[in-house]
Amino acid sequence: MKAAVIVFPGSNCDRDMLVGIEHSLGRKPEMVWHKETELPDVDFIAVPGGFSYGDYLRCGAMSAHSPIMREVVKKANQGVRVLGVCNGFQILTEAGLLPGVLMRNAKLRFICKDVHLRVENAETEFTNKYTAGQAIRIPVAHHDGNFFTDDDTLAALEGNGQVAFRYCDENGNVNEASNINGSRNNIAGILNEKKNVLGMMPHPERLCDAQLGGTDGKPMFDALVEALS
Amino acid sequence: MSEITPEIVKEHGLSEDEWKLCLEIMGREPNLNELGIFSVMWSEHCSYKSSKKWLKTLPTEAPWVICGPGENAGIIDIGDNQAIIFKMESHNHPSYIEPYQGAATGIGGILRDVFTMGARPICNLNALRFGEPDHEKTRHLVSGVVEGIGGYGNCVGVPTVAGECEFHASYNGNNLVNAMAVGLADADKIFYSAAAGVGNPVVYFGSKTGRDGIHGATMASAEFTEDSEEKRPTVQVGDPFTEKLVIEATLELMKTGSIVAIQDMGAAGLTSSSFEMASKGGVGVELELDQVPMREEGMTPYELMLSESQERMLVILKPGMEDIAKAVMDKWDLEFAVIGKLTDTGNMVLKWNGEVVGDLPIDPLALASPEYDRPWVKTPRPAELKASDVESNVGRIDALKTLIAHPNMASKRWIWEQYDHMVMGDTVGRPGGDSAIVRVHETNKGIAVTSDCTPRYCYLDPHEGGKQIVAETYRNITAVGAKPMAVTDNLNFGNPERPEIMGQIVGCIEGIGEACRALEYPIVSGNVSLYNETNGTGILPTPTLGAVGLIADVDKAASVAFKAEGQAIVVLGETKGWLGASRYLEVLCGREEGAPPPVDLAQELATGNFVRAEILSGIDTCHDISDGGLAVALAEMAMAGSMGCTIDIPANVEAAYAWLFGEDQGRYIVTVDADKADAFVMKAGEAGVTANIVGKTGGSDVVLGGEAVSVAELKDLHEGWMPNYMAAAE
């Protein structure tokens, strides 16, 4: 796998993403500054979390117009795998690679904690090392993770198997109590139609190392490395 | 320039004597620009004039100290050419006036102190103190301060991993926001602030300068009165996004080899940064103030010198390196300007479009910085209470339930879940334990961090209280298996012009110094915040300490959670049942009195060394005993591990409630396998440490001498208070 991590001004999970990928890949991905106009030859692009442009204007809105994003969109349309985590997810929605928006959390506060996610689609190159219905423990850290989209788009996402993860309890039950931020249908992560672009609010790269308290994020990067080797 | 009237002098916070000294140094009447500079440089905030005499008595040296107080932050050596740079600083006054921005800019400021010296910040801590929960302002302040700290820290991407939060009526009009930043640097690549090289360019980078925060340092050096609300314009506004860029740009600039000296613009902005850099380097400086990047039109030299706009840095470059530095700032879209040069005049000369608008001698002003030996009276030590002096009409289980749900003892998860405590991917010990642990990136080494203060002890006996804080941080670092390395102090007190307050300052500093000497635990940085009074009522003396420890292998760290059923629970240290100044006395009896428990420093060292060695050789569960005594510590271990315990109260104790809730110092709880417990107790005895097996782990209840409560109920109570309290405002 040839991997790149995009770095925007205000990205702050870029190093976390690098380390997360490195755990599975055995080498460091390339770090690409947002002002670049060309991407190296890669088959996996990660758009990391953080506060690109300070979340000013609207989360991800300004980054979506960074020079490098034209290339990311082009590559995504060519089938290159793209993962957006947290602010990266927000950027991918602003760039039009994924539908919907991420609104302010229902309780209006920043939330940082481990949550459980039910794996909804375990047949993608991101998720095939999990099993469908499995509850995995992954941290969230966001202020604007409340996924919203209109009824038609939501129905399409559900119908096409584009919902990758839902917030659930530790036993995999998807319910209101486990919906930490008010997202529609408890959605924590979605795929594009072709399933080569995944956006998710939780941070799989933060739990790839037992010393940090868990490794439930690692199978995602293992799966990508295996699919792209 | 307008004539300086006595009113103007007074507005600038200078006493009559200070004004006379000012005239003497200048040899003429200063103009307004110059007066403004005198005002901030001699403010309590910048000059430590009331506390300096006593601060000098603190121990600041050890073989592992690279840099003690006097620079932007303290530095210790952690081996492998790595250094930890850290400091704690208050932002009390601004946070009361405007909680979100006041707290946020406190984080920004302390981070700059650390990365200015070449460190990448690796974690933040904060120690918060608010008025009574029922006070009309408290919820608003808690909400704003926590949101401000989170808003800034989360955005800059530095994990906030530890802290404390306490409520007391004495903070009703003066909340405390003490923030600590910890950074990691290469020991051979540390940057200092002493300017050098006549002719070298003085360069400004970061944000533009606006009119915010003018005279913030002077405001922070006066008591609050009814009209303090009107001081809102002196609170600065933070921009964490720019700070993040400034961090990255500064660290990148440092790699170019172009820097001679560097300092952030903190309190008193351009004045104190340029003045201190020149003063430390023994050089003069000439500033072209019209070259300073300005946020608004029509700004004056006076405003430019005194603005406390955030996210600004001042650097002395090597000659000819301007283009290299500018390229870095262009990459990060930051302001860059050459605003002056170093001179050999020994003076600070301010120019505005070529015209001299200020000319002050640097050394005389710095050397004449006032130092007061303020009168003080020793706080009388209260009587020692016996267990029989304390009513005990509440059952032990009810007492435990009340204590763990009390505002000062309840879980602060509501706070730390609003802080990103995991970003940077090295938080191996998350908030909620005795110390948080941050791994040194790409190694197995860990940095343990904690912040502590027990104001009620300091109020009743400043000297013992001061000792106890040091010991408490020492225990919290030790309880995870780390070696306590060094301390930063953030001394918050009332008005030092009152002898009884000055007595608290002196007593606490003496106690802190004595304990730090005994424990080989130097103070390497710090900050003083005085005048925490509103209408003549002072806060409890609150000398918050932040501490840093080192563990060579994070896999060996212990945590508070019970982990295995059927293990023996061993208390290390002696339990006598000291209830004076205890939480039990305060919460269940409504009495804040009695002598606080004394700290035996020699025993503290022996017990600490034993505990640490045992953790490194396999003990994985450890908790120090502090507020609420043995019973509360056990409940915390049970809640963290979702596992109960059964405790036998020794038959020979004078009073069970004193044994359960007494706050005797120097104690830890550990668990050991049942079949090894006797040998462990014997080993402790050989090391000179009292050890007693008090019970065993297991089950779903905490059972204290035959009376039980479920861990689930305890958790509901402990976790419930703060969310319920804050929800009442929504």
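Which side chain of chain A meets that of B:Glu442 in a salt bridge?

Tutor: The partner of B:Glu442 is A:Lys28, with 3.5 Å from N to O; a salt bridge here is a side-chain nitrogen of Lys or Arg within 4 Å of a carboxyl oxygen of Asp or Glu. The model is predicted, so local features need pLDDT of at least 70 and side-chain atom pairs count only at pLDDT 80 or more, whereas totals for chains, interfaces and linings use all residues. Residues are numbered from 1 along each chain as its sequence is written, chains are lettered from A and ligands numbered from 1 in the order in which they are written, and side-chain values use heavy atoms, without hydrogens or water.

The rule finds six salt bridges across the interface of chain B and chain A. It also finds 19 residue pairs in polar contact there, both residues at pLDDT 80 or more. A polar contact is a pair of N or O atoms within 3.5 Å; within protein, one must be able to donate a hydrogen and the other to accept it, and residues adjacent in sequence count only if both atoms are side-chain atoms. On the side of chain B that touches chain A, two or more residues come from each of α8 (138–156), α10 (240–255), α13 (322–331) and β14 (427–429) of chain B. Helices (H or I, at least four residues) and strands (E, at least two) are DSSP runs, numbered from the N terminus. The most is given by α10(B), with four residues. By type, this side divides into 13 nonpolar, eight polar and 14 charged residues; Ala, Val, Leu, Ile, Met, Phe, Trp, Tyr, Cys and Pro count as nonpolar, Asp, Glu, Lys and Arg as charged, and the others, Gly among them, as polar.

The contact, meaning heavy atoms within 4.5 Å, takes 35 residues from chain B and 28 residues from chain A. Between them the chains bury about 2600 Å², 51% of it on carbon and sulfur atoms; buried area is the accessible area (1.4 Å probe) that two parts lose on being put together, summed over both. In chain B, the most area is lost to chain A by B:Phe241, B:Glu417 and B:Met422, together 21% of what that side buries.

Strand β14(B) also belongs to an open sheet of six strands, in the order β14-β15-β16-β21-β17-β18 (chain B), with mixed pairing; two strands pair if DSSP finds at least two bridges between them. The edges are β14 and β18 (523–529) of chain B, each with a single partner strand, so one side of each has no neighbour in the sheet. On average, neighbouring strands are turned by 25 degrees against each other, direction ignored. Axes are lines fitted to C-alpha atoms, for helices over the stretch in contact, and angles run from 0 to 180 degrees between N-to-C directions. Two bridges join β14(B) to the antiparallel strand β15 (residues 436–439) of chain B, and B:Gly429 stands opposite B:Ile437 in β15(B). Helix α18 (residues 462–478) of chain B packs on this sheet, touching β16 (446–452), β17 (483–492) and β21 (542–551) of chain B, and its direction makes about 145 degrees with that of β16(B).

In chain A, nine strands form an open sheet of mixed pairing, ordered β2-β1-β3-β4-β11-β10-β9-β6-β7. Its edge strands are β2 (30–33) and β7 (135–142) of chain A, each pairing on one side only.
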